[in-house]
Each structure stands twice: as C-alpha cells, then as structure tokens.
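Subject: A structure for you to look at

Hello,

I am passing on the structure we talked about, and I hope you enjoy looking through it. My notes follow below the display.

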Amino acid sequence: GIVSAVDLNPPTFHPWMSGAKCAEVGGDAWFPEKGGDGGKAQIEICNTCPAKRECLEFGMTAANLGYGIYGGKTPRQRKAIRNNETERARDKRHAS
C-alpha cells in the first residue's frame with residue numbers, strides 16, 4: 001500500500017493538544033495552500049484557543065517552523081519571531 005510521511009514520522013501528541021480548538025476542526029485546515037488568504041479563519045480560531053501559547057512554542061521548533069499555523073502565527077511570522085529573538089540574544093551578549 002501507499003505509505004505517507006505521517007506513517008513514517010507520526011506526529012507527537014502533547015496533553016495540551018486535546019484541549020486545543022484545532023482538534024475540533026481537522027488537521028488539513030491548519031496547513032493552508034500558499035497564495036490563499038493566509039489562514040485568516042484559522043488564526044481567528046487560534047486567537048480564542050486556551051492552548052495558544054503552548055501551540056506557538058510547539059510551532060517555533062525547527063521541525064515545525066516552516067509550515068502550518070501554530071499559535072495563531074504563520075510560518076513567516078514565526079520565523080520573524082525567531083530572528084528577533086536571535087538578534088536580541090546576540091545584542092545582549094555583545095552588550096556584556
């Protein structure tokens with residue numbers, strides 16, 4: 001049969017995921033096509049989710065940084081956050 005990437009690398013489950021609003025909607029919705037509306041409806045759902053902070057932290061990991069909506073942020077937004085954090089840490093080291 002056909003083997004998918006999920007079969008080879010199943011997603012890690014974290015306890016906060018069971019209470020997340022996205023669990024009520026379905027997985028594909030959180031990985032919108034490029035050139036669409038940028039996941040605006042999904043981001044609105046994220047903004048009301050009790051697991052938003054944990055989800056964003058999960059989305060900031062290297063494995064998840066480049067795709068999907070996590071914690072109400074797109075990949076581009078999460079990369080910008082990561083770059084800003086890296087710059088602040090570098091500036092802090094040079095200021096010492």
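Let me start with a question: does lysine 40 count as buried or exposed? Lysine 40 counts as exposed, at 57% relative accessibility. Here buried means under 20% relative accessible area, exposed means over 50%, and partly exposed lies in between, with a 1.4 Å probe and protein chains only.

Some background on the model: it is predicted, so local features need pLDDT of at least 70 and side-chain atom pairs count only at pLDDT 80 or more, while totals for chains, interfaces and linings use all residues. Residues are numbered from 1 along each chain as its sequence is written, and side-chain values use heavy atoms, with hydrogens and water left out.

The overall picture

The protein chain has 4 helices and 0 strands, in the pattern α-α-α-α along the sequence. Helices (H or I, at least four residues) and strands (E, at least two) are DSSP runs, numbered from the N terminus. Of the 96 residues in the chain, 24% are buried. Lysine 40 sits in helix 2 (residues 40-46), and its C-alpha atom is 9.9 Å from that of isoleucine 69, 29 residues apart along the chain.

In helix 3 (residues 52-59), the buried residues are Cys55, Phe58 and Gly59. Seen down the helix axis, they fall within an arc of 95° (taken from the directions from the axis to the C-beta atoms), so they line one face of helix 3. These buried residues pack against helix 4 (75-95).

Cys55 and Phe58 also belong to the largest nonpolar core, which has 8 residues, including Trp16 and Tyr70. Such a core is a set of buried Ala, Val, Leu, Ile, Met, Phe, Trp, Tyr and Cys residues joined through side-chain atoms within 4.5 Å. Not counting residues up to four places away in sequence, tryptophan 16 touches Ala51, Glu54, Cys55 and Phe58, where contact means heavy atoms within 4.5 Å.

Threonine 74

Threonine 74 lies in the loop between helix 3 and helix 4. Threonine 74 is buried, with a relative accessible area of 16%. Leaving aside neighbours within four places in sequence, threonine 74 is in contact with Gly38, Ile43 and Gly68.

I hope this helps you find your way around.

Best wishes
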